[in-house]
Amino acid sequence: MKNNIKVERAKKDITQEQLADMLGVTRQTINAIEKNKYLPSTLLSLKMSALFGVTVNELFILEEGD
Amino acid sequence: MKEGILQIKLLPAKYKKLGLWILIAGLPVIANMIAVLVATGIITNSRSFFEEWSYPLVYYPIIIGLAILNFSEEKQEDEMVQTLRYKSFVSGVWFLVIGLLLLPFYSNLYTLLMSQSVKMPDVGGMLGALTLLLVYIYVSFKYNLHHTRRALETDEE
């Protein structure tokens, strides 16, 4: 699964640390999600999409084999 | 969102220090306590006490310390930390099962290679504890699954 979190973060000009604080998680978690090392829960994905003002489908993109 | 049944809350992060202290200082404290008990004559037959108790007593501070460390939250606890902890617990139980089942084989490896008589190591207690753990995991999982499914059936429209 790919994700556009880094892109959306850049659009809003916020750091991983700031995003982590807004979502109530650690910076390491945001880093792991961006690098596809950790798949976030539905709740965290929804919070993230609401924060960026995009749909979950725009934020996370399924790849072949997922 | 409603929490599932049999939810055990982890200890707050500050307990990690306590766990670490018990792990480090527990053994010397117990050794000193025993020395005091022997010196004051509360333990009369010290020889039999040491033969029966000294070996298992070593494990108490280690197990209590490690249990507190394992069941305490991290300073920054979030869903990724919880997922990693869950994975560690699952792999830990898995390696425990494999390790304990293979214990009689690798403890007898030398005697087997030397064609000497093979002795079964004293693992009865450990196997009993492992059985209880596995029974609990199975029963707890099935109980939770059954209740969740039943709740979903009644909610179905």
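Modeller: A residue is called buried if 20 or more other C-beta atoms lie within 10 Å of its own, exposed if 12 or fewer do, and partly exposed in between, with the C-beta atoms placed from the backbone. With 12 C-beta neighbours inside 10 Å, Phe89(B) therefore counts as exposed. Phe89(B) sits in helix H3 of chain B, and its C-alpha lies 37 Å from that of Ala35(B), a residue 54 positions away in sequence.

This is a predicted model, in which local features need pLDDT of at least 70 and side-chain atom pairs count only at pLDDT 80 or more, whereas totals for chains, interfaces and linings use all residues. Residues are numbered from 1 along each chain as its sequence is written, while chains are lettered from A and ligands numbered from 1 in the order in which they are written. The model scores ipTM 0.84 and pTM 0.78. For chain B the mean pLDDT, the predictor's confidence in each residue on a scale from 0 to 100, is 84, and 89% of the residues reach 70 or more. Within chain B, confidence is highest in H3(B), at a mean of 92, and lowest in helix H4 (residues 109–113), at 75. Where pLDDT is low, the predicted coordinates should not be read in detail.

Chain B has 5 helices and 0 strands, where helices (H or I, at least four residues) and strands (E, at least two) are DSSP runs numbered from the N terminus. Of the 157 residues of chain B, 4% count as buried. Two residues are in contact if their C-beta atoms, placed from the backbone, lie within 7 Å; among the contacts in chain B with a separation of 6 or more, 75% are between residues 24 or more positions apart.

Gly19(B), in helix H1 (residues 15–39) of chain B, is buried, with 20 other C-beta atoms within 10 Å. Once its neighbours within four places in sequence are left aside, Gly19(B) is in contact with Gly65(B), Ile68(B), Leu69(B) and Ser72(B). The C-alpha of Gly19(B) is also separated by 7.2 Å from that of Ile64(B), which is 45 residues away along the chain.

Turning to a helix pair, H3 (residues 79–107) and H5 (residues 124–155) of chain B pack at an angle of about 150°, with their axes 11 Å apart. Such axes are lines fitted to C-alpha atoms, for helices over the stretch in contact, and the angles run from 0 to 180 degrees between N-to-C directions. H3(B) and H5(B) are therefore roughly antiparallel to each other, since angles over 145 degrees count as roughly antiparallel, those under 35 as roughly parallel, 65 to 115 as roughly perpendicular and the rest as oblique. From H3(B), the residues Leu96(B), Val97(B) and Leu100(B) meet Met126(B), Leu127(B) and Leu130(B) of H5(B). The residues of this contact divide into 6 nonpolar, no polar and no charged, where Ala, Val, Leu, Ile, Met, Phe, Trp, Tyr, Cys and Pro count as nonpolar, Asp, Glu, Lys and Arg as charged, and the others, Gly among them, as polar.

As for the other chain, 4 residues of chain B are in contact with 7 residues of chain A. The side of chain B that touches chain A has 1 nonpolar, 1 polar and 2 charged residues.
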